[in-house]
Amino acid sequence: MSIGIDTPGKIIAVHLNYPSRIAQRGRSPEFPSYFFKPASSLAPTGGVVERPAGTELLAFEGEIALVIGKPARWVAPDQGWAHVAQVTAANDLGLYDLRAADKGSNVRNKGGDGYTPIGPVAIPTDGIGEGDWRVRTWVNGVLVQEDTSDTLEFPFGQLVADLSQHMTLETGDVILTGTPAGSSVVLPGDVVEVEVDAPHAAGAPTSGRLVTTVTQGEHAFGDFGNRPKVDDLQRIEAWGSAEEHAAAVAAGRATALDAETAGADDPAGSPLTDEIRDLLADVAVATVSAALRKRGYVDIFIDGVHPNHEGDRILGPAKTLRFIPFRPDLFTAHGGGFNAQKRAFDTVNPGEVLVIEARGVRDTGTVGDVLALRAQVRGAAGIVTDGGVRDFAAVQEFDIPVFSQGAHPSVLGRRHVPWETDVTIGCGGAAVQPGDIIFGDRDGVIVIPPALLAEVATEAAAQERADAWIAEQVAGGAPVDGLFPMNAEWRAQYEAETADGGHTGAKP
């Protein structure tokens, strides 16, 4: 393949560009974002790529690759395409096991040797428009990706122009323009083929099929750098969706989610990752509860509790404490010393939410200022009790969110015996197991089963964006009938506007 020079000075890849992939990821970028791939990752003829020993999630991404023909610096979007001399196929391989190591830079998870197959034929762009290209990917002979460049969120000319604001694009530089939906995990023995063509151009030129075979590597990563690490969100995103992952598990091609295999009393197996926290950062508890209801979970509300600070939110895996009804002999045996209440507050881990079963009894305290302070110092994400809070004003001065039924001045021993920790409890009418995800805001607190967290977080984030768009239409005078929820006509307008990045506010 001739690309002007033997080795590109720069290989620049776009994170998200195709609407189908944006919808799948549940994130809508306002502008393109990028990362670099090293020249040593090139595999100009495809060939073989190794999945490193000790890893699980090597994923393919069929893409259209642009080859710069003449240097570009400070060009306008309508001039950008003129700087592209050739187009070809690329496979932007990535190792999700190392995705968390670089937080978006992708140095390690996408920089491995052979992780950028490209070719085999470069197509001259003469007489072909930037919207005339198609990319297709096959895995083991089955078509898994197909999309066209006229759908892109960020057209080729815009990518060239944007990058040229920051650096000179030199002859031979390569831009990988994003992958459509359908990217997934490949295993040793799988064969990936990517082809880019211009089917409606004269002669229907094609790159030919870029063929890459996956093999199993023998070298494991050492302990002197980031080691591979996989969680449930990475598995779901690598495979493409929760449904695709489940199908792969059923076919014996994927590892089950940790939340499906970890014991209920193993909060260390929590799937609450930084990525899921980002997804839920602007999502209301009510929106997540609706996603759970669609899956048959209607008794996940910890009823009757309210935050001690207006605007408080909590999110974290549950650590549980159970009180039983007061009885003098039991309180004598279990109420003193380093009892279950003190043990819970003294062992809560950073990021955990301490959830207390007080049987809905509000006329006695279940936590006071000293214990609340201890939880805060330990780094707890919050406290939830379906009972009362003693020293309420003092607790309110702390930063830690506390959701309760309100204030009560009584001390321990009036209505409760602190009984046990780290067991399944009932709080505010909801069953809570250690490791369940507790999510709360001003509307209330819900319990999310860990196995559902990734999919409901993704769905709720997408729904939150749709609800915001609906609110814009209502504010602009649109009636709610047919809009909330959206009928097919409104849905089509929403998808068109969000795909284009615009907000016309026009009524259908």
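Me: Where does valine 480 lie in this predicted model?
Reply: Quick ground rules: residues count from 1 along each chain as its sequence is written, and side-chain values use heavy atoms, without hydrogens or water. As the model is predicted, local features need pLDDT of at least 70 and side-chain atom pairs pLDDT 80 or more, while totals for chains, interfaces and linings use all residues. Helices are DSSP runs of H or I with at least four residues, strands runs of E with at least two, numbered from the N terminus. Valine 480 sits in the loop between α13 (453-475) and α14 (488-500).

Me: Is valine 480 buried or partly exposed?
Reply: Buried means under 20% relative accessible area and exposed over 50%, with partly exposed in between (1.4 Å probe, protein chains only). Valine 480 comes in at 46%, so call it partly exposed.

Me: Which residue does aspartate 92 meet in a salt bridge?
Reply: A salt bridge here puts a side-chain nitrogen of Lys or Arg within 4 Å of a carboxyl oxygen of Asp or Glu. For aspartate 92 the N to O distance is 2.6 Å. Aspartate 92 is in the loop between β7 (84-91) and β8 (94-95), and its partner, 55 residues apart, is in strand β2 (residues 34-37). Both side chains belong to buried residues, and the partner is lysine 37.

Me: What is the relative accessible area of arginine 414?
Reply: Arginine 414 meets aspartate 363 in a salt bridge at 3.8 Å, N to O. Aspartate 363 is partly exposed at 28%. Arginine 414 is partly exposed too, with a relative accessible area of 43%.
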